[in-house]
Structures are given as structure tokens and as C-alpha cells.
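Here are my notes for you, written as numbered points. Have the model open while you read.

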Amino acid sequence: MQTIKSRIAEKIVSAVVQINAEAQLNAQDVAAMLEYPPDSNMGDLAFPCFKLSKVLRRSPVQIAAAMTELLNDAAIDTVEAVNGYLNIKISNTYLAQSVLPEILDKKENYGAQEFGKGKTVVLDYSSPNLAKPFHIGHLGTTVIGHSIKKLHEFAGYRCVGINYIGDWGTQFGKLIVAYKKWGNREEVENGGVDALVDLYVRINNAISGNEEIGIVADPSLADEARAEFHKMEMGDEENLALWRWLVKLSIKANDKIYQQLGITFDSYKGESSYTEDMPAQVAKLREMGLLKIDDGASLVDLSEYGMPPCLILKRDGSSLYPTRDIAAAYDRKQLYDFDKCIYVTSTQQILHFKQWYKVVELMGYDWYDKLVHVPYGTVSINGAKLATRTGNVVLLKDLFEAAVDKVRGIMDEKNPNLENKEAVAEAIGVGAIVFYYLTNNRIKDINFSLEEALSFEGNTGPYVQYTYARACSVLSRAGNVADAPVQITTEEEAALVKTLCRFGERVCSAIADYEPSYITRFILDVAAAFNRFYHNCTILGADDPAVRASRVKLTEATKIVLGNAFDLICLSKTEKV
């Protein structure tokens, strides 16, 4: 559709010049003005002529009437003037002769862009705090971040995916206290991250108290935890040995989840990697006179910018998140010379990123404006906020297992002899969760419902994966197809091609807005259009061999575009279900 819009925009500019030779218009700007009518019966594209009233000094109705006689192009079938709009219908011949062959020719490159060539994007996403389980709250940063990475790669960017794991901080001080008081190495080895969670919940209950289970608060344990972490920062080998063991157990558990999602990272450089780099950034802040002492803590005053102070060091000299983030950003700029550095975290961290971005700017780093925060909405369970410390979480491993079990049961009933049934069940089960999450606008809060996530009815992951498998089945049964010209003979065929050709445009919008849901909604549009075509147009049984060949090619184009779109949202391509 980008090509079609560009062609039509050039014709509009040409028509405007014929009406007024002194008019100054840019075809790119005009292309951006083209709209999609609310009703397809009105046309495929619409141009609001009121945007030209100032240039042409005429009413929108007069402009539209004059331009209907001047717009002629192979891509245009009809042009109609309606209430100051130009309603444009795209030619089926053009769709058959230009659009569909382009999809079949470019294949996995169809929809790809080139505006990112020669540029580097660093993406910080997933980044779970270790010694805690991967739960539903981590799914957002993980799949949104990876989708944004795939989108940028599709536009030609060199992408560096960083899993900036939370392997440093007071939570490890808490775990060390809990392990020394109640832990057992053999039990933790056997229990893995689940055993660590039990210890983490126990220490937090002990610190804060829990009347329901008769635990009296002991705030002194929080001081012990801070002291144990400070010992880590000071190089205490006993605590560091414990810390390395806890990190190893956590990474092993997380890797299983990443494998199920098909996600890999280019770097696993965690917060602990910057313990030696932080002093240089703190020293720079101090030398520039930006660092102030308040009750023993070191901070940067941001009141001038309408923000609370940015804490850099605690009273005991221990580092904080901003300290580590600044050191990490500086390191990434030196390593990758990024054009953008994208951070995908929840909306709860918006202030945090605004604060340390401003500190980076005040430090005189000219790349401060290349730091991009992509926030996403929070997840709750039945309205209750997720919190590992209280145990109110839905673990991803449990969620994926439930989804796969449900798919396996359906397959046992409907297709018990399917090859690679376990692999297909996992692809569809995990895909159902991912698609459910990415269908929502990223900034929207989600009240997670297990029943809704695992529903296989309506606009779901299993529905679109089944549609992909249906297209694969048609192509498998079609065999060799004669090399006949593509033709469009029905409204269903035309509607499907018009939907397919919007892919590149959706990719650009998704990148511009950092919004993977644009791709999931596009996938649903394609699935709906293809299924209408499949049910209303005979494909393999068409009487005319040329029509049969053309419809098989249209099915192949659908498979190509769906497959390309699936790749952008971590959704597996299932050829048989």
C-alpha cells in the first residue's frame, strides 16, 4: 500500500499543479494525508480536499470535483467526489499484475524496509531480577521487547538485544540472610528457583510481618540484608560465592522460558558487570558539581525540572539503579555507538527513566536524546498487584504448561496421529499466551485472566496459527502450479490482496510507535480476509485451470505475509495442526 499511496500522491500533486501552477506540494506529505474510508463501499483510499483549500483558494467540494477529471493512473480504478473527499478505488488489474507478484517475488523480504540500514539499535528488555521466578509480569518486557527488536531488524537496523539481568541489589542481601537462617544447599539445588522464592517470601514476611500466619515484624532483618549486600559490594568472598551460585540457579530456570519463546540475546551483561564502572560516573558527577549530599546519601537535585532528586548512592555508599543504569548506558555507547538505545519496562518506571535520562543530559553526554523508554501497562491478577515478595504471581512455566496441556487434549481428540504432536502443542500453547498479550495496546493495563488467555475461540493465537496451517495444507495439496497470470475475479480475492499489501505500512507504524499490537491486529485482518476467501472461493476445485493457479498463488502470498508477520511477534509457524 505504500507504493500505491506514493503513486496516487504523485498524481494528486500533478493535478494540483494543473489547477494552480504556483502551488507547492510534496508528494510524501500528500501520501501521509491519504486515509482509509470507514466503509469499504466508499472506496479503498480517501483524500480530504479541505487540506488543499488554502493552497488552491477553493472550497473542498470544488477541488474534489475538479480533481476527479485529472487523476489517472494504472493503480486507480475509479475516483468519486463526495462532500469534499476524493474516494479512490484501487484497480483489481493493478493488484493482480503488480502487488501479488511483488509478494511472491520478495517472499521473506516482503514488507521489509531499508530506512534502518547503517544504523544501530541497542535494546534492553526482559531483564528479570534473578533469584525470582519468571512470572506473567515479566512477559510484557520480554515479548514486547523482542518484537520491537525483530521489527527494527526487519527495517534494516543492526540490533543488539541485551538481557540486562538484575543480578545485583538488596534482594540478594535478603536472600543471603534467608539462606543463612533457614536454607539448605541440597534443598535449594533440588528446588531451584522455586526454593529461592520460598526463601524470598519468608524473609519479606519476617521483615514486614504477616498477621494472617502469625509472624511478627522484625525490621532489623532489613538492616541485616542491607549489610550483607554492602559486604558483597565491598568484595566479601563468602557472600560473592553464595551470590554466584544463586545467579547460576536463576539463569538456568530462565533459559527454559526463553527456549520456549524462541528468544535469544546478544548480551547477558547484568548489573553486577558495572560495579567497576560506576565510580567513574559518580566521580564525574562530583567534579561537575552535580552531586549533593542529603542525610548522608548522594543525589542529583532535579527540582528545577519538576522531578524529585535522583539518588546515586545510599548513605553506606552502596549503588542504586540510576547509578548502574548510567554506567551501563555509557558502556553501551562506547561498545556499539548506538543510534537508539531502547529500554522496555513497565509504566511504573517512567519517573526513574526521566530522572536518569536528565542526569545523563546534565553530565554533558550528547547522546542523551538517543535514549528511549518504551513503557507498557502493568499486569494484575483479579485486580491484585503482582508481587513476588507476597507470592501473588502466576509463574510462566505453570502458565505455559497449562496452555500446552489444553492444546494437547484438543489434538488428542481431533488429530491424534499428527506428527511431532508435542512440538506443535507447545508452539500453539505458548503462542496462545504470547498472542493474547501482544493483542493489547502495550500501554494498556492488563487484568490477567487465565481462562481468557487460554481461550481458543475468536481472535486468538490458535486461530491465526490454524489459518497459517490451512494455507500450508492448500499449497501441499496443490502440487505444481502452472505459470499462469494472476487474475482477480471476486471481491474476496480483491479484499485479501488489499489487506496483504498493507503489511509494509503496518511495519512502519509499529516501529514508529513501538507498538507490536499493530502487527497482531494486522495478522487478524489477514486471517479474516483469507478465511472469507477460502470459504467463498473454490481454490483447488476451480473449473478454470487459470483461476485455480491464480488462487493457489494468492494462498501462497497469504502464507508468505502471515509467516513474515508471525516472525515479528515471536509466534511459531505451524504447518500442520
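This is a predicted model: local features need pLDDT of at least 70, side-chain atom pairs count only at pLDDT 80 or more; totals for chains, interfaces and linings use all residues.

1. Residues are numbered from 1 along each chain as its sequence is written, and side-chain values use heavy atoms, with hydrogens and water left out.

2. Look for an open sheet of three strands, ordered β1-β3-β2 with antiparallel pairing. Its edge strands, β1 (45-48) and β2 (76-82), each pair on one side only. On average, neighbouring strands here are turned by 20° against each other, ignoring direction. Helices (H or I, at least four residues) and strands (E, at least two) are DSSP runs, numbered from the N terminus, and two strands pair if DSSP finds at least two bridges between them.

3. How many bridges join β2 and β3? Six, in the antiparallel sense, with β3 covering residues 85-90. Within that pair, Thr78 stands opposite Lys89 in β3.

4. Helix α1 (residues 2-19) packs on this sheet and touches β1, β2 and β3. The direction of α1 makes about 35° with that of β1; axes are lines fitted to C-alpha atoms, for helices over the stretch in contact, and angles run from 0 to 180 degrees between N-to-C directions.

5. Now find Gly156, in the loop between α6 (136-154) and β5 (158-162). Beyond its neighbours within four places in sequence, Gly156 is in contact (heavy atoms within 4.5 Å) with Gln113, Gly116, Lys117 and Gly118.
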